[in-house]
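Hi everyone, thanks for coming. I'd like to walk you through one structure today, taking the ligand site and then the chain contact.

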Amino acid sequence: MNVGRIGGLLSRHLYLYQRSFARMLEIFYWPLLDLVVWGFITMYLQDAGVSLHGAVAFFLGALILWDVLFRAQQGVAVSFLEEMWSRNLMNLFASPLTVGEYLASTMIMSILKVTAVASLMMVFAWVFYSYDMLKVGVSLLPFIINLVVSGWIIGVLTTSIIMRFGQQAEVLAWGMVFLFQPISCVFYPLEVLPPILQSIAWMVPPAHIFEGMRAVLIEGVIPVTHIVWATGLNLFFFVVIVAWFYHTFNICKEKGMLVRVGE
Amino acid sequence: MSKPILEVRNLTKKFGDFTAVDNISFDIHEGEILGLLGPNGAGKTTTIHMLLGLIAPSAGSIHMFGLDLAEHREEILQQVNFSSTYISMPFSLTVEENLKVIARLYSLQNIQQRVDAILEKLEMSDIRSKLTRKLSTGQMSRLTLAKALMTEPKILFLDEPTASLDPDIVHKIKAFLKEYQRNAGLSILYTSHNMREMEEMSNRIVFLQHGHIVAEGTADQIVQRYGQRDLEEVFLKLAREPKAQ
Ligand SMILES: Nc1ncnc2c1ncn2[C@@H]1O[C@H](COP(=O)(O)OP(=O)(O)O)[C@@H](O)[C@H]1O
Ligand SMILES: [Mg+2]
């Protein structure tokens, strides 16, 4: 891994974002809109006397964390799309840049996006709903880190499909993560799922993360089991997906896809 | 003669059942400009993409600086670069930003000076802050040439660097390349389907047709061997021959 080259690729994205109002808006627009809508729903539920314990913490917290996952995967997948759209893949992969360095730079991009969006959402939730996520922040940290890694995994999977199938798969950069939403138990506890889906959900790192988040937010306990499961599964899937990406990359080199994607 | 700086042996590329490059072998020596000439679809671009490690060969080997590309990708690519009329660079970055990113990808030192120097050399200083999307075709070609030359490669691959450019710019680019190549002792692999340009630019020509090498030598040698008046006639004669098999 050559840090200079990773930084070089990173600078390319930073130049881009610094200039592109549309891209900046893209980062902040949806999360804020989500927050507005869910904030009102939460208030309505409270007014209506629905006794959902810790309703505010429940929905707003889930929403912010969901966005962490979504942005983390986008940081990876959209970075690839940017290269595809600007037909820059050839310039990158004919340079000494390695596949590992490429992936690393997109993952750092995703950390930057997540940090920007999550901070803004937290401030917003605090100002408008007096919801202080930092109070539970430290105990949430292991979950947030795991969520970012889950986002990378889904992002690398998405990227490999886009690389292999080209522009027709582009929409996955926005849609893929929602495929995992039902079994990630973002807004409801795992126990509402039918038994079969419950066992599947146990294999899905984000399910453990959101389940654990509820334990932190509502019961104020740190659910070690869920952290261990999420971390273990994430490590496993991370290794598998990176190996898969290298494999796909080689197939694309054989088929001559690298020089054609984006056409 | 010195040891070749680039050695291609029995290089083959199949896409499914279609053979785009068929068992070709050639060398480039230090300071030499080798022209890869051939009609559209002959396999020129595919060959260059294999030399850049962007397409995996189906068979054969590629060595540069005595190293096998399959095993020493990073080391080799560090000393190689390419340009083409058909490539582009990120549109939302300025000329200067794009060059800086490239400089970092090639681990160059004193980036600002390097960028300034190459912009100066290619007479692009006035458009350094221009967004890449706003460049004319000629300016874009100069940008991709700047990105290739800035890294001071030992081997430069130029895939139809002058296609679709107006003659004035073509003239300038060719003159610049010749001069630069003479001073830097750079080796160049140059593709084109423009015979005049080939004759002017190359020390030696490899003529590719349906993925095969059908002729090789200096322009004069090739013209003589085929008993034609000039390279253009050889090209027409060869290009109109149906594919064997
Ligand atoms: N990725 C690919 N998949 C399938 N066929 C390809 C691919 N790339 C090139 N070809 C085919 O290989 C042949 C050679 O193409 P190319 O190397 O671009 O020729 P040239 O540059 O000499 O015009 C063409 O018939 C082209 O259609
Ligand atoms: Mg071509």
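**Ligand 1 and the chains around it**

Let's begin with a backbone N or O atom of Gly43(B), which sits 2.9 Å from an oxygen atom of ligand 1. Please keep in mind that this is a predicted model. A polar side-chain atom of Thr45(B) is also there, 2.7 Å from an oxygen atom of ligand 1. On the chain A side, a polar backbone atom of Lys255(A) lies 3.1 Å from a nitrogen atom of the ligand. Taken alone, ligand 1 exposes 560 Å², and the protein buries 73% of that.

So who makes up the shell? Ligand 1 is surrounded by 14 residues, with Gly41(B) and Lys44(B) among the closest. By class they are five nonpolar, six polar and three charged. Helix α1(B) gives the most, three residues. And because the surrounding residues come from chains A and B, the site is shared between chains.

That takes us to the chain contact itself. How many residues does each chain bring? Chain B brings 31 and chain A brings 30. Between them the two chains bury about 2800 Å², with 58% of it on carbon and sulfur atoms. On the chain B side, Leu54(B), Arg104(B) and Leu105(B) lose the most area to chain A, together 24% of what that side buries.

For those of you who like charges, the interface has two salt bridges. One of the salt bridges on show joins Arg5(A) to Glu74(B), with the closest N and O atoms 2.7 Å apart. There are also 14 residue pairs in polar contact across the interface. Happy to take questions!

Definitions and conventions:
Residues are numbered from 1 along each chain as its sequence is written. Chains are lettered from A and ligands numbered from 1 in the order in which they are written. This is a predicted model: local features need pLDDT of at least 70, side-chain atom pairs count only at pLDDT 80 or more; totals for chains, interfaces and linings use all residues. Side-chain values use heavy atoms; hydrogens and water are left out. A residue is near a molecule or strand if one of its heavy atoms lies within 4 Å of it. A polar contact is a pair of N or O atoms within 3.5 Å; within protein, one must be able to donate a hydrogen and the other to accept it, and residues adjacent in sequence count only if both atoms are side-chain atoms. Accessible areas come from the Shrake-Rupley method with a 1.4 Å probe; for residues, only the protein chains shown count as cover. Helices (H or I, at least four residues) and strands (E, at least two) are DSSP runs, numbered from the N terminus. Ala, Val, Leu, Ile, Met, Phe, Trp, Tyr, Cys and Pro count as nonpolar, Asp, Glu, Lys and Arg as charged, and the others, Gly among them, as polar. Contact means heavy atoms within 4.5 Å. Buried area is the accessible area (1.4 Å probe) that two parts lose on being put together, summed over both. A salt bridge is a side-chain nitrogen of Lys or Arg within 4 Å of a carboxyl oxygen of Asp or Glu.
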